[in-house]
Amino acid sequence: MESRQTSALSPAPALVASRPFKLRRNGLPVQIASRIGSGLLVLWAAVTLSFVSVHLAPGDIVSLLIGEQLRTPEIEAAIRAEWGLDEPVLWQYLRYLTRILHGDFGRSYLLQTDVSQLVLSQIVPTLKLTAAALFVAILFAVTSAVLTAGRRIPRSIAGALELTLVSTPSFWLGILLLYLFSFTLKLFPVSGDRSFSALVLPALALGLPLGAVVGQVLRQGLERALEEPFALTVRSWGTSGLVLRLRHGLRHAALPAVTLTGWLVGSLLSGAVITESVFGRPGLGRVTVEAVLGHDMPVVLAVAILSAFTYVMLSTLVDILYLLLDPRLRDEGREAAR
Amino acid sequence: MSALPTSQAGETLCRRPLLHALPAQPGLVLAVLFIAVVAVATIWPGLIAGADPIAADPLQAQLPPSWQYWFGTDHLGRDVFSRVVHGARYSNLIGVSAVAFAATIGSVLGLLAGLARGLVDEIITRFLDVVSAFPDLLLALVLISFTGPGTTNLIFALGVAFVPRFARVVRAQTFVIARSGYVEQARTFGLSRTVLVMRHVLPHAVAQVPILATIGLGTAIIGAAGLSFLGMGPQPPAPEWGSMLAEGRNYLRVAWWIGVWPGLAITLTVIAISVVGRRWQAAFEGRRSA
């Protein structure tokens with residue numbers, strides 16, 4: 001259970017750590033349902049929060065939604081109609097909820113386009129980047145943990161490297177990589193998203209600092225696993241150290257590392273925003289930055305709700321996976337996770 | 001960053017002074033010294049770098065590092081060394097203020113939730129869940145899109161995003177401490193609720209907050225620099241590290257030094273803070289190694 005306490009430093013097991021329903025000895029289906037219900041509750045609250053913030057923000061709603069666009073009677077009428085501003089607030093709220101449920105995030109008046117279409121058209125490059133970065137992170141973490149766990153000198157070298165990577169802003173790492181590999185060695189393109197090679201540097205810049213965090217947790221778990229009696233048993237079969245680490249130890253070490261999933265998703269999404277700017281890549285991050293600077297609220301809110309959705313969905317999935325993998329959590333998890 | 005388990009509540013609190021650990025650990029000594037230098041740069045930058053960080057001199061533009069300009073000059077002919085030193089004030093004060101904001105609000109919320117339990121606890125916990133469902137930087141970006149860019153707004157946005165991590169820990173601690181034997185006993189003495197909370201629960205419930213704040217400060221400084229890199233923080237010509245990197249990125253082909261030094265300053269500062277924070281946490285938990 002110790003690994004769950006890592007939450008102090010990163011908001012990782014946010015959803016793992018608190019459960020709304022007081023269930024203890026219920027069956028698995030009920031527990032899974034409660035996890036899903038809890039996730040849906042958070043999502044509903046997130047959508048409501050975005051609605052409330054639009055209404056509570058200083059200034060009138062029309063000028064908030066219009067962004068840097070010129071205010072004309074036509075646009076004003078369009079916004080009033082879209083948000084139902086002439087109707088009671090409760091009605092507006094229900095209307096907003098229904099719209100979001102249908103995947104309709106409204107219209108960006110600044111860009112003169114449907115927000116949902118804009119987001120859809122930009123999601124692929126961002127997914128490519130985050131997937132590649134995740135791959136880099138996991139590869140780094142596993143390699144570093146397996147090769148250095150329990151070995152004094154390699155361990156302290158890896159520890160120092162990880163501390164440096166964790167402390168390095170990903171955008172600066174990106175600038176260094178750009179200078180070294182694009183401008184000086186001319187191995188990779190400077191910007192854009194036209195080829196696979198354009199993905200390498202951004203994925204490294206985004207993935208390495210995250211991999212360093214996961215690597216630290218993985219190594220701790222692996223070291224704990226290697227001290228357990230089963231490790232001695234496996235060694236007595238004459239199994240080589242590497243096979244023991246890869247096939248038997250990693251399995252135990254992975255479980256604590258999985259609690260980082262929520263934090264990892266959040267960091268990937270946050271990091272993508274900055275990484276895309278450094279490397280001049282198209283994608284959601286770039287759209288978000290431009291929307292924030294141009295006060296294009298419909299786009300900003302859509303991206304925020306979408307990322308909350310991704311985060312909640314994956315955290316809930318991990319939560320459920322935990323229940324399936326580790327039956328002990330089914331009755332004691334609640335208390336221990338507090 | 002988050003490899004260390006935080007101390008379990010109810011465990012005996014071992015508070016060895018941090019200073020006792022100093023002589024045995026050269027890394028820690030270096031970290032403390034570096035933080036001291038950064039602190040001087042933050043409070044009194046003129047002491048380290050005399051040159052005006054804002055004064056442009058087009059005739060001296062993009063000069064590589066030399067004896068006269070240690071870190072070179074940027075595209076407007078400003079002294080990069082002086083800008084990095086003066087930039088400490090922006091980057092660190094934003095980080096410190098955001099963490100202080102988050103620690104204060106987080107402690108109050110956590111204490112409230114832990115003491116009140118029931119509905120209030122449920123509401124606060126749910127609220128924290130919702131806030132942390134948005135990735136840190138994205139939440140900050142959403143807030144900035146309401147408030148507009150700028151130093152104060154950046155502090156507020158980053159601070160709000162960091163509230164849950166403090167609130168959760170304080171809530172959990174309060175939970176345990178308010179139910180512990182000595183508080184029960186103090187209650188039987190007939191102490192008032194205010195005295196009970198202020199004198200017996202509060203000090204222990206927030207004991208870990210300074211450590212969390214130190215460790216969180218590194219993350220906050222990186223976050224602040226990242227948002228400034230995107231143009232959400234102090235506006236030019238302020239020598240903030242993140243916005244200097246944004247300029248440096250555009251001149252990378254011709255002048256690498258503009259984009260290297262500010263990043264090095266951020267990284268070294270964050271490493272130093274992490275080393276001290278981890279060591280402090282280890283001492284708090286009574287462990288020997290960080």
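The model is predicted, and the mean pLDDT of chain A is 81. Chain A has 338 residues, of which 45% count as buried, and its secondary structure consists of 15 helices and two strands. In the contact between the chains, 57 residues of chain A meet 51 residues of chain B.

**Confidence in chain A**

- A pLDDT of 70 or more is reached by 89% of the residues of chain A.
- Among the elements of chain A, the highest mean pLDDT, 91, belongs to helix H6 (residues 115–148), and the lowest, 42, to helix H1 (residues 14–17).
- Residues 1–23 of chain A have a pLDDT below 50, although this stretch has 71 contacts in the model beyond near neighbours in sequence.
- Residues 332–338 of chain A also stay under 50, with seven contacts beyond four places in sequence.
- Where pLDDT is low, the predicted coordinates should not be read in detail.

**Layout of chain A**

- Chain A is divided into domain 1 (32–113) and domain 2 (115–293).
- The C-alpha centres of domain 1 and domain 2 of chain A are 35 Å apart.
- Eight residues of domain 1 of chain A and five residues of domain 2 of chain A take part in the contact between them.
- On the domain 1 side of that contact in chain A, two residues are nonpolar, four are polar and two are charged.
- Of the contacts in chain A between residues at least 6 apart in sequence, 72% join residues at least 24 apart.

**A:Thr98**

- A:Thr98 is part of helix H5 (residues 89–101) of chain A.
- A:Thr98 counts as exposed because 10 other C-beta atoms lie within 10 Å, and the cut-off for exposed is 12 or fewer.
- A:Gly39 is 59 residues from A:Thr98 along the chain, and their C-alpha atoms are separated by 18 Å.

**Helix H13 of chain A**

- Helix H13 of chain A spans residues 284–293 and is mostly covered, with seven of its 10 residues buried.
- The buried residues of H13(A) are A:Leu284, A:Gly285, A:Val287, A:Thr288, A:Val289, A:Ala291 and A:Val292.
- The cover over these buried residues includes H6, helix H12 (261–278) and helix H14 (297–325) of chain A, together with H4 of chain B.

**The side of chain B that touches chain A**

- The chain B side of the contact with chain A, which has 51 residues in contact, draws at least two residues from each of helices H3 (118–133), H4 (136–147), H5 (151–178), H8 (209–229), H9 (241–250) and H10 (261–285) of chain B.
- H4(B) gives the most to this side, with eight residues.
- By class, the side of chain B that touches chain A has 30 nonpolar, 14 polar and seven charged residues.

**The largest nonpolar core**

- The largest nonpolar core has 168 residues, and B:Ala140 and B:Leu158 have the most contacts inside it.
- Helix H9 (residues 197–226) of chain A gives the most to this core, with 17 residues.
- Domain 1 (32–113) and domain 2 (115–293) of chain A each supply at least three residues to this core.
- Leaving aside residues up to four places away in sequence, B:Ala140 touches B:Ala157, B:Leu158, B:Ala161 and B:Leu227.

Terms used:
Residues numbered from 1 in each chain as written. Chains lettered and ligands numbered in written order. Predicted model: local features only at pLDDT ≥ 70, side-chain atom pairs only at ≥ 80, totals over all residues. Contact = placed C-beta atoms within 7 Å. Helix = DSSP H or I, 4+ residues; strand = E, 2+ residues; numbered from the N terminus. Nonpolar A, V, L, I, M, F, W, Y, C, P; charged D, E, K, R; others polar. Buried ≥ 20, exposed ≤ 12 C-beta atoms within 10 Å, placed from the backbone. pLDDT = per-residue confidence, 0-100. Domains from an automatic or database assignment. Core = buried A, V, L, I, M, F, W, Y, C linked by C-beta atoms within 7 Å.
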